[in-house]
Amino acid sequence: MTEATHTQILLPTAGVDLFLKDGATSEAAKALSEDWRFARVNVSVHDGDVETAINMYGQSASPTLVIIETNTTDESFIERLGALAGNCAEGTNAIIIGPVNDVNLYRSLTSMGVQDYLVKPVAQDVLGEVIASTLIENLGTTDSRLISVIGAKGGVGTSAIAQAVALACTEKRKQKTFLMDAAGGWSSLSVSFAFEPGGSQNEAVRAAAMADEDTLSRMINKKTERLHILATGAEPLLDATVQAQQYEALLDSMMAAYPVVVADLSSSVPSLKRTVLNKTHKTFVVTTPALSSLRSARTLISEIKTLHGGADSGIELVVNMQGFAAGREVPRGDISTAMDREASVFVPFNSGMFIGLEADGRPMSEDKAGMEIIDSLVPLISDIIEGQSGEEEEPVKKSGGLLGGLLGKK
Ligand SMILES: Nc1ncnc2c1ncn2[C@@H]1O[C@H](COP(=O)(O)OP(=O)(O)OP(=O)(O)O)[C@@H](O)[C@H]1O
Ligand SMILES: [Mg+2]
């Protein structure tokens, strides 16, 4: 099975109970605890079947997802599934594992609200993917894509690249996109996009925690139809920044509303960077061609890979300000050797353009050379934006779960 990029994230907190008889599937389920994405998912494997599940949920609360193996797939099983739904909390999802491939059974189960039907034995990668996509679909991480931009060190142009990435999403891929940073009073967003901050980051995270949409919308600058920006940064520079968990809640509420969110992680604290990177689908690591910056980028990439269980997918290396110290910087040809990987893109040093745009408060998309930078980033976002719902389309509806489906609420 091909690896779906949107499921390569830290999954939301959830409980998954599996009632299995098949040994190979049980082993696969137990091994999920080693999958980095499942750090917050409590997976319990029970030796049993639908009857075991009915008994269990007659006495204790059902989890987010119940996976049941069955050898019978006739009417009697469907009837027992009805009994199970009667004991489950609303919103509990079900996946059935059966003995044979049967399209009609699949159709009748999914029409009842069952999330999926798999044939045993189920391999670990398949089980992991099905659980991941079910949890993402039902727990509100939505199908939104999170792109993070992080610098190897300060001042390497992380905010500039984040702006270019956001503009690639909105101007080139026509996606409704939310651009946010976590820099508090150090934010440069209001300068780049010429707006007055509508509040502080602390106010924004409080509003998100209380689901206070009015306050939040006052802190969103609608730069264009598609590009909306977190207009914080009004706080004193020396104020304490927000906590990683608070920022995560703000991020979640934005991801519920926008198909693409771009997070500029420059000038933020390491714990927040780490939390956001864990949820990220695509990470742009920005460096200059200076040796110190490349060294730090190399270490950072290795740490991001460790965070993602060793996987190298979804990391793009951006070498910014190429040519800023011609003759003294690491030459283009030597960078891949120094980094052990190819740079995804080189962005030329162009102080005239950047200082000029900043002075006028104009976005990079309004400059020819700026547009070339944006164009060079488009191929790097295509894989995760492919198939994203644009602003004209309806948001993806959440499933009503097993019980909701059986009661015809879907
Ligand atoms: N390719 C480039 N050529 C010339 N100037 C650039 C380039 N990229 C960014 N700059 C400029 O360099 C300065 C620093 O960029 P930026 O604020 O994006 O860096 P940062 O890494 O986000 O910094 P911080 O660590 O302070 O958040 C800005 O004035 C920006 O316009
Ligand atoms: Mg910055």
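This is a predicted model: local features need pLDDT of at least 70, side-chain atom pairs count only at pLDDT 80 or more; totals for chains, interfaces and linings use all residues.
Local features need pLDDT of at least 70 and side-chain atom pairs count only at pLDDT 80 or more, while totals for chains, interfaces and linings use all residues; side-chain values use heavy atoms, without hydrogens and water. Residues are numbered from 1 along each chain as its sequence is written, and chains are lettered from A and ligands numbered from 1 in the order in which they are written.

The magnesium ion (ligand 2) is coordinated by two serines, S159 (OG) and S266 (OG), at 2.1 to 2.3 Å. Donors are N, O and S atoms within 2.8 Å of the metal (3.2 Å for Na, K and Ca). Water is not among the atoms, so sites may look incomplete. S159 lies in helix α6 (residues 158-172). S266 lies in the loop between β10 (260-264) and α11 (270-279). The two residues are 107 residues apart, so the pair links distant parts of the chain. Helices (H or I, at least four residues) and strands (E, at least two) are DSSP runs, numbered from the N terminus. S159 is partly exposed, at 22% relative accessible area. S266 is buried, at 16%. Buried means under 20% relative accessible area, exposed over 50%, and partly exposed in between (1.4 Å probe, protein chains only).Helix α6 also packs against helix α15 (residues 368-385). Their axes are 8 Å apart, at an angle of about 70°. Axes are lines fitted to C-alpha atoms, for helices over the stretch in contact, and angles run from 0 to 180 degrees between N-to-C directions. The two helices are therefore roughly perpendicular (65 to 115 degrees; under 35 is roughly parallel, over 145 roughly antiparallel, the rest oblique). Residues of α6 in contact (heavy atoms within 4.5 Å) include I161, A164 and L167. Their counterparts in α15 include M371, I374 and L377. By class, this contact has 13 nonpolar, no polar and 3 charged residues. Ala, Val, Leu, Ile, Met, Phe, Trp, Tyr, Cys and Pro count as nonpolar, Asp, Glu, Lys and Arg as charged, and the others, Gly among them, as polar.

A search of the whole structure finds 3 aromatic pairs. One of them is edge-to-face: the rings of F19 and Y57 have centres 5.9 Å apart and planes at 90°. Rings of Phe, Tyr and Trp (its six-membered ring) pair if their centres lie within 6.5 Å; planes under 30 degrees apart count as stacked, over 60 as edge-to-face and the rest as tilted. F19 sits in strand β1 (residues 14-20) and Y57 in helix α2 (residues 50-59), 38 residues apart. F19 is buried, at 0% relative accessibility. Y57 is buried too, at 5%.
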